Amino acid sequence: MELNKLLPQIIADNELHAKWLNTLSLMENTGARKISASEDPLTVTYIILKHAAEEHRHAFYLKKQIEKAGKDLCPTYAAEYLIAPAYSRYYLNQLDIDVCRYLKKEMALSGAELRFAAYLLVTYAIEVRADELYPVYQEALDNAESKVNVKSIILEEEGHLEEMMAQLKKFSPDWSLHAEKAVEFESTLFSDWVNALALEIKNSRSF
């Protein structure tokens, strides 16, 4: 199942749309928390702080957008307020695990070096995905004449990708090979996530 085929179904149902926004908010918040967890207390940079702050802002912004789908919808990240909750929580955590295993094997990294390298590669892969996902979502919102919009997120995610590439180039001369591997891990997980979304939406409509 392709996401662009699911989105019109999601947007057409206010409760489902609220859960979708809440799920995206959860994932942005998870990413922000992972960035903060990877920070070195002494050497944390302006870019890392900026990125963590903007990911937190995205999580908050998406939460605010839920109000446009209806009042009192999805107050927390509890499972009943998410789409495919188990997989939505698993997705980013598993990407982190896959990338860490790869870095340990291929570059023999550990400790702070491993955390920083994993931050670079995981975030790069997620930014590549965000650069694809949010414009597709915005197009579906425009087609449905929805009050919800994610244009501000699209602009910031484009800047994030450029910043990640700049950091990766400083990290390793072979950065593109490592980044390609991270994107490969993410692509598999993303496909599984979309299938989980499609299955839950199908099952919810069969009752």
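Student: Why does R57 count as partly exposed?

Tutor: R57 has 30% relative accessibility, and the label covers whatever falls between buried (under 20% relative accessible area) and exposed (over 50%), using a 1.4 Å probe and protein chains only. So R57 counts as partly exposed. One caution: this is a predicted model, where local features need pLDDT of at least 70 and side-chain atom pairs count only at pLDDT 80 or more, while totals for chains, interfaces and linings use all residues. Residues are numbered from 1 along each chain as its sequence is written, and side-chain values use heavy atoms, with hydrogens and water left out.

Student: What makes R57 and E156 a salt bridge?

Tutor: The closest N and O atoms of R57 and E156 are 3.3 Å apart. The rule wants a side-chain nitrogen of Lys or Arg within 4 Å of a carboxyl oxygen of Asp or Glu, so the pair passes. R57 sits in helix α3 and E156 in helix α6, 99 residues apart. (Helices are DSSP runs of H or I with at least four residues, numbered from the N terminus.)

Student: How many salt bridges does this rule give?

Tutor: The count comes to 8. Among them is K50 with E163, at 2.7 Å between the closest N and O atoms. K50 belongs to helix α3 (residues 46-65) and E163 to helix α6 (residues 151-171), so this pair ties together parts 113 residues apart in sequence.

Student: Why is E163 called buried?

Tutor: Its relative accessible area is 18%, and that falls under the 20% limit, so E163 is buried. K50, at 22%, counts as partly exposed.

Student: And what makes E67 exposed?

Tutor: E67 has 53% relative accessibility, so it lands over the 50% limit. Its salt-bridge partner K64, 3.5 Å away from N to O, counts as partly exposed at 39%.

Student: Now the rings: why is the pair F190 and W193 called tilted?

Tutor: In general, a pair of aromatic rings is described by the distance of the centres and the angle of the planes. Rings of Phe, Tyr and Trp (its six-membered ring) pair if their centres lie within 6.5 Å; planes under 30 degrees apart are stacked, over 60 edge-to-face, and the rest tilted. F190 and W193 show 5.7 Å and 50°, so they pair and count as tilted. Being 3 residues apart in helix α7 (residues 175-204), they are separated by about one helical turn.

Student: How do you know that R129 lies over the face of F190?

Tutor: R129 is 3.7 Å from the ring centre. The rule asks for NZ of Lys or CZ of Arg within 6 Å of the ring centre and within 35 degrees of the ring normal, and R129 is listed as lying over the face of F190.

Conventions. Helix = DSSP H or I, 4+ residues; strand = E, 2+ residues; numbered from the N terminus.
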